[in-house]
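Visitor: I have a structure open and want to go through it piece by piece. Can you take my questions as they come?

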Amino acid sequence: MKIGIVSDVHSNMEALAAALSYLDEQQVEQIVCLGDVVGYGPSPNECCEMLQEVNAVTLLGNHDAAVIGAMSTEYYYDAARLAIQWTRRQLSTHNLEWLYQLPYTYRRPKEDVSFFHSAPICPSGYFYVVFKDDAQAHIRMFDKLTGLSLLGHSHLVRAFRLSDGKAKETQVTEIRREEDVRYIASVGSTGQPRDRNPNGSVALYESDSGELLIHRFDYDREATVAKIAEAGLESRFGERLLTGS
Ligand SMILES: [Fe+2]
C-alpha cells in the first residue's frame, strides 16, 4: 500500500496544493497529514478544506491545538501567538469543529506504520525528536512501536534506527522492514521547511517494502509571501519561506 504524507502545512495552500498534486500523480491510496495544518500562514480555511477534500487522516499539531484552545498560547513567542489568534478569527465554524476532533496519533498495524505530530513517547506533549538521545528515549517503549513511526513537528528530515537497545541516526533511504528493528523518521515540513532548503517536503511510504521516500518540491512561494503581507501577518513568516529557515 502506498501512503502519502504531508506535515506542518502551516496555512500554506500553495505548498499544500503542490504536495497533493504530487501525491495524486503517485496514486497513493491514503493521505496522512501529521498536524500543524494552521499557524504562521495566510490560508487556514483553504488548507483545512483541501485536506478534507482528499479525506486525509489528519493529526492535531501544537499550533492546531493552540488555535482551538486545547493548548495555552503562552508557549508561543509574540508573533506566533498573534498568528494563532488571527487564525482563530479567520476559521469557519466548520473548520474549527474539524480541528477540534483531530486525534494525536494514527496507527496502521497491518502496514507496520504509526503516525504522530511530535513523538510516540508523548504524542500530546510535543516533544522534539531531532537528536540521537531523543530517539534513544523511545527504547523503553520499543515493543509498542510499529516498524516505522513517522513524525512531523521539527520541520526537519531525520531518521533513526532502533535495535539492540540503541538508537542510531541513519538516512531515510536506509529505512526498510526488518525484524527486531524500529525506525523513527521525521518527514520535514510541507509548508514551512527549516533545513535551508525552501522547497516543500512530502513523503511516500510503501508498506510492502517498508521504504520511505522524501520528495522536495518547488512551488509558488512568492504568492504565499504576498498573502502573508496582505493579511498583515509578521513579514518574517514570509521571508523564512524564501530561505527555508
Ligand atoms: Fe509545525
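Guide: A place to start is Arg161, whose bridge partner in β8 is Lys168. Keep in mind that this is a predicted model.

Visitor: How do β7 and β8 run, and how many bridges join them?

Guide: β7 and β8 (residues 166-170) run antiparallel, joined by 5 bridges.

Visitor: How many residues sit between the strands of that hairpin, and which one takes a positive phi?

Guide: The hairpin of β7 and β8 has 2 residues between the strands, and Asp164 takes a positive phi near 50 degrees.

Visitor: Now the open sheet. What is the strand order?

Guide: The order is β3-β2-β1-β10-β11, an open sheet of 5 strands with mixed pairing. β3 (57-58) and β11 (211-217) each have a single partner strand, so one side of each is left without a neighbour in the sheet.

Visitor: How does β3 run relative to β2, parallel or antiparallel?

Guide: β2 and β3 run parallel, with 2 bridges between them. Val32 has Val57 in β3 as its bridge partner.

Visitor: Switching to the metal. Which residues are the protein donors of the iron ion?

Guide: Asp8 (OD), His10 (NE2), Asp36 (OD) and His155 (NE2) are the protein donors, and they lie 2.1 to 2.3 Å from the iron ion. Their spacing in sequence is D-x1-H-x25-D-x118-H.

Visitor: Why would the pair Asp36 and His155 tie together parts that are apart in sequence?

Guide: Asp36 is in the loop between β2 (30-33) and α2 (44-53), while His155 is in the loop between β6 (148-151) and β7 (157-163), so the pair ties together parts that are 119 residues apart in sequence.

Visitor: Is Asp36 buried or exposed? And His155, buried or exposed?

Guide: Asp36 counts as buried, at 2% relative accessibility. His155 is buried as well, with a relative accessible area of 2%.

Visitor: What are the angles at the iron site?

Guide: The angles among the 4 donor atoms are 86 to 178 degrees, and the site of the iron ion is irregular.

Visitor: Next, the largest pocket. How much space lies in it?

Guide: The largest pocket holds about 190 Å³ of space. It is lined by 15 residues, and the closest to its centre are Asn62, His63, Tyr76, Tyr128 and His153. By class, the lining of the largest pocket has 7 nonpolar, 5 polar and 3 charged residues.

Visitor: And how many cavities of 30 Å³ or more are there?

Guide: The count is 2 cavities of 30 Å³ or more. The largest cavity has about 60 Å³ of space, and the second largest cavity has about 50 Å³.

Visitor: What lines the largest cavity?

Guide: Its lining includes Asp112, Arg176, Arg177, Glu178 and Tyr205. The lining of the largest cavity divides into 5 nonpolar, 2 polar and 4 charged residues.

Visitor: Which residues line the second largest cavity?

Guide: Among them are His10, Asn12, Tyr40, Gln192, Thr224 and Phe237. His10 is also one of the donors of the iron ion. α7 (221-231) and α8 (235-243) each supply at least two residues of the lining of the second largest cavity. By class, that lining has 5 nonpolar, 6 polar and no charged residues.

Visitor: Last one, Ala17. Where does it lie?

Guide: Ala17 lies in helix α1 (residues 13-25). Ala17 is partly exposed, with a relative accessible area of 35%. The C-alpha atoms of Ala17 and Cys47 are separated by 8.7 Å, and the two residues are 30 residues apart along the chain.

How values were computed: Residues numbered from 1 in each chain as written. Predicted model: local features only at pLDDT ≥ 70, side-chain atom pairs only at ≥ 80, totals over all residues. Heavy atoms only, no water. Helix = DSSP H or I, 4+ residues; strand = E, 2+ residues; numbered from the N terminus. Buried < 20%, exposed > 50% of the residue type's maximum accessible area, 1.4 Å probe, protein only. Donors = N, O, S within 2.8 Å, 3.2 Å for Na, K, Ca; no water. Tetrahedral: all angles 85-135°; square planar, octahedral: opposite > 155°, others 65-115°. Pairing = 2+ DSSP bridges. 1 Å grid on protein atoms, 1.4 Å probe; cavity = no way out; pocket = protein on both sides within 12 Å on 5 of 7 lines; lining within 4 Å. Points joined across faces, edges and corners; volume = space filled by probe spheres on them. Nonpolar A, V, L, I, M, F, W, Y, C, P; charged D, E, K, R; others polar.
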